[in-house]
Amino acid sequence: MFEFSSIEQYHADLKEEKQTCLQAVEYYLSQIHSKRHLNAFIEVYAQEALQRASELDIQRKAAGPTGKLHGVVVGLKDVICYKDHPLSASSNILKGFVSVYSSTAVNKLLSEGAIIIGNLNCDEFAMGSTNENSAYGRVLNALDETKVPGGSSGGSAVAVQAGLCMVSLGSDTGGSVRQPADFCGIIGLKPTYGRVSRYGLIAYASSFDQIGIFGKSVSDIAKTLEVIAGPDQYDSTVSSKTVDDYADFTSSDRKYRVAYFNEAFDHPSLDPEIGVCMKDQIKKLQSEGHIVEPVEFDLLDYIVPAYYVLTTAEASSNLSRFDGVKYGFRTRQKVADLGSVGFGKEVKRRIMLGTFVLSAGYYDAYFTRAQKVRNLLIKKVNLILGNFDFIILPTAPSTAYKSGEMTHDPIAMYLADIYTFMANLIGIPAISVPIFQHKINGMPFGLQVLSAQFNELPLLRFSNQLMQRN
Ligand code: GLN
């Protein structure tokens, strides 16, 4: 029987011929089949995954392991292009579309020996926090199927949570990797804006979007990041900075300087139990020798409005390509409004909101002001990160809630992303580390840790310390 604990252990087992890649793929295919009601996968590439696994097994026997992610079974959020494979952003408007090229992240995964097993359900065009806005229906949280897995990368989170693949990729524009990781009890990393190429990632809000990684261990996240990060001639926003040796994350028991905001820990929207755990965590970190200090932060309430003005503005421009000519849904019938046939409610709402905030009469009142808030935030947070290694925050104000509970109230859902938007507005890396369990409802939740741009290595080191002691 195949068992997975980490990529490192899997590689050791392959070397000692205790396992094969083929056994791994067969195992995951059977898991995907038996847990298909979770609705995490949209398509499973069974035959080609089996084929690739056999080829890798032959190659390895002949020449040794052939890549950093040799035989690692990966799932992709349905917004990441993989040549000759379906891609729809979980939207009716793209149903039946097949990618004509692969994203840089996918090419990098493949060149290091990964096996891509399928594409994963998400909120339509990555807009949402529950994975309930999908043309393929909702995804179930495997820990409690009546609850949401979080979103928008809900399928990617559940695929790792329920053991349907080893690691998965998602996208994080405002928390879509960290928040579902938090709701599912796994690790979710959003790298620095510009650390991972966006080439071949369907754009939602281009100055926010970043591909992120789900995994069960820091080492799996580090290994995957090392492969997908780095310069790319197809994305000019990717940094040319050399990629750190992320695998070196274990080498440190260093003591860090950590900042926290009382405004965040005492926020009225925060579940009191989460607040208590956050405050206990401060004491625990201090007792372990870290310096943990409060910093005044009065910008918290501006974050959600600024995010929604800026991301919807960018989305209204990005999504204008789905006009039924270049991409997507076509019909011979006369339709007054093409969007109403192909796009779901939430996507339409955001396109309209974005068009409104960019319109001549309102541009300065909304868009320009939101840009100013973004600048203020960048200055303030970078100043803090000049004095501290990390900022800690909750990932979300509550644990996973019941499906349907928030769908009637988009504003409440928007406000619940108060803790995750900051990292995207600023472009810094952030991770959700699953170290808590709610005393009343039993659901897991994470500690969110943010660091300065391109400081993924210390972020992983600190996350590893947190994971080790729990
Ligand atoms: N929940 C947020 C939103 O709906 C974040 C989405 C994301 O990161 N893709 O916009």
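How many nonpolar, polar and charged residues does the lining of the largest cavity have? By class there are six nonpolar, seven polar and two charged residues, where Ala, Val, Leu, Ile, Met, Phe, Trp, Tyr, Cys and Pro count as nonpolar, Asp, Glu, Lys and Arg as charged, and the others, Gly among them, as polar.

Before selecting anything, note that this is a predicted model, in which local features need pLDDT of at least 70 and side-chain atom pairs count only at pLDDT 80 or more, while totals for chains, interfaces and linings use all residues. Residues are numbered from 1 along each chain as its sequence is written, and side-chain values use heavy atoms, with hydrogens and water left out.

**Stop 1: the largest cavity**

Select Ala126, Gly128, Ser176, Tyr307 and Asp417, which are the closest to the centre of the largest cavity among the 15 residues that line it. This cavity holds about 90 Å³ of space, and a search of the whole structure finds three cavities of 30 Å³ or more. On a 1 Å grid over the protein atoms alone, a cavity is a set of points where a 1.4 Å probe fits but cannot get out, whereas a pocket is an open set with protein on both sides within 12 Å along at least five of seven lines, and lining residues have an atom within 4 Å of a point. Grid points are joined across faces, edges and corners, and a volume is the space filled by probe spheres set on the points.

**Stop 2: the largest pocket**

Next select Val304, Pro305, Ala306, Val309 and Tyr366, which lie nearest the centre of the largest pocket, itself lined by 20 residues and about 400 Å³ in volume. Its lining divides into 17 nonpolar residues, one polar and two charged. Colour helix 10 (300–318), helix 12 (345–358), helix 13 and helix 14 (410–415), each of which supplies at least two lining residues; helix 10 gives the most, with seven. Helices (H or I, at least four residues) and strands (E, at least two) are DSSP runs, numbered from the N terminus.

Stay on Tyr366, which is placed in helix 13 (residues 363–387) and is partly exposed, with a relative accessible area of 35%; buried means under 20%, exposed over 50%, and partly exposed in between (1.4 Å probe, protein chains only).

**Stop 3: the second largest pocket**

Move to Tyr101, Leu201, Ile202, Arg321 and Tyr327, which lie nearest the centre of the second largest pocket among its 18 lining residues. About 340 Å³ of space lies here, and the lining has 11 nonpolar, four polar and three charged residues.

**Stop 4: salt bridges**

The count comes to 14 salt bridges, each a side-chain nitrogen of Lys or Arg within 4 Å of a carboxyl oxygen of Asp or Glu. Select Glu226 and Lys68, whose closest N and O atoms are 3.1 Å apart. Glu226 lies in helix 7 (residues 218–228) and Lys68 in the loop between helix 3 (46–63) and strand 2 (73–77), so the pair ties together parts that are 158 residues apart in sequence. Glu226 is buried, at 16% relative accessible area, whereas Lys68 is partly exposed, at 42%.

Then select Asp266 and Lys279, which form a salt bridge with the closest N and O atoms 2.5 Å apart. Finish on Glu346, Arg349 and Arg350, which are linked in a network of salt bridges.
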